[in-house]
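Dear colleague,

Please find the structure below, handed over for your files. My notes on it follow directly after.

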Amino acid sequence: MNCIFCKIINKEIKSDIIYESEELICIRDINPQAPVHILIIPKKHIEKLYEIEDELLLGKMLKIACEIAKKEGIKETGFRIVINTNKNAGQSVEHVHFHLLGGRLMLWPPG
Ligand code: AMP
């Protein structure tokens, strides 16, 4: 399958892996938008957030995001979890993922 995240999961492409389990892989974003920018990716190839049927998986993704926020030292200062879905939101990789961002002041509303 020609999916960049599947290639990362299968170790065909190198990435900076900071957490891995049977179901998830968490890597540093190659083009960070904040001092801490980590992607939380399910290993199963699912393209869109609304296609995930496994509620437990969604919960695990949020839980690991919070654990990583703590490890990265952004839990107390603040962090943002972003899930871009489809064109208007700017989804560029068709394999669902959460962005964990922190380490700087973020604006609201987002651009
Ligand atoms: P999105 O635009 O929400 O679909 O997010 C895709 C993210 O994947 C972007 O922030 C990219 O910088 C990131 N990305 C693309 N290729 C790689 C890669 N090989 N390693 C790490 N992050 C990547």
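In which segment does Pro109 lie? Pro109 belongs to the segment after β5. A cis peptide bond, with omega at about 5 degrees, joins Trp108 and Pro109.

Please note that this is a predicted model, in which local features need pLDDT of at least 70 and side-chain atom pairs count only at pLDDT 80 or more, while totals for chains, interfaces and linings use all residues. Residues are numbered from 1 along each chain as its sequence is written, and side-chain values use heavy atoms, with hydrogens and water left out.

Overall architecture

The protein chain contains 3 helices and 5 strands, in the order α-β-β-β-α-β-α-β from the N terminus. Helices (H or I, at least four residues) and strands (E, at least two) are DSSP runs, numbered from the N terminus. The radius of gyration of the protein chain is 13 Å, which agrees with the value near 13 Å that a compact globule of 111 residues would have; the radius is taken over C-alpha atoms, and the globule rule is 2.2 Å times the number of residues to the power 0.38. The C-alpha trace spans about 40 × 30 × 30 Å along its principal axes.

Of contacts (heavy atoms within 4.5 Å) between residues at least 6 apart in sequence, 56% join residues at least 24 apart.

Surface and charge

The protein chain exposes about 7,200 Å², of which carbon and sulfur atoms supply 54%; accessible areas come from the Shrake-Rupley method with a 1.4 Å probe, and for residues only the protein chains shown count as cover. There are 15 positive and 15 negative side chains, and the centres of the two sets lie 6 Å apart. Lys and Arg count as positive and Asp and Glu as negative, without His and the chain ends; each charge is placed at NZ of Lys, CZ of Arg, CG of Asp or CD of Glu.

Buried residues and cores

Of the 111 residues, 35% count as buried, where buried means under 20% relative accessible area, exposed over 50% and partly exposed in between (1.4 Å probe, protein chains only). A nonpolar core is a set of buried Ala, Val, Leu, Ile, Met, Phe, Trp, Tyr and Cys residues joined through side-chain atoms within 4.5 Å. The largest such core has 17 residues, and Cys26, Ile38, Ile40, Met61, Ile64, Ile68 and Leu100 touch the most other members. At least two residues of this core come from each of β2 (24-28), β3 (36-42), α2 (55-71) and β5 (98-102). The most, 6 residues, come from α2. Another core, of 10 residues, lies apart from it and includes Cys3, Cys6, Ile8 and Ile9.

Beyond its neighbours within four places in sequence, Ile38 has contacts that include Ile18, Cys26, Ile68, Phe98 and Leu100.

Individual residues

Two residues other than glycine have positive phi values. Lys11, with phi near 65 degrees, lies in the loop between α1 (4-9) and β1 (17-20) and is partly exposed at 48% relative accessible area. Asn86, with phi near 70 degrees, is found in helix α3 and is partly exposed at 29%.

Helix α3 (residues 86-89) also holds Lys87, which counts as exposed at 75% relative accessibility.

Yours sincerely
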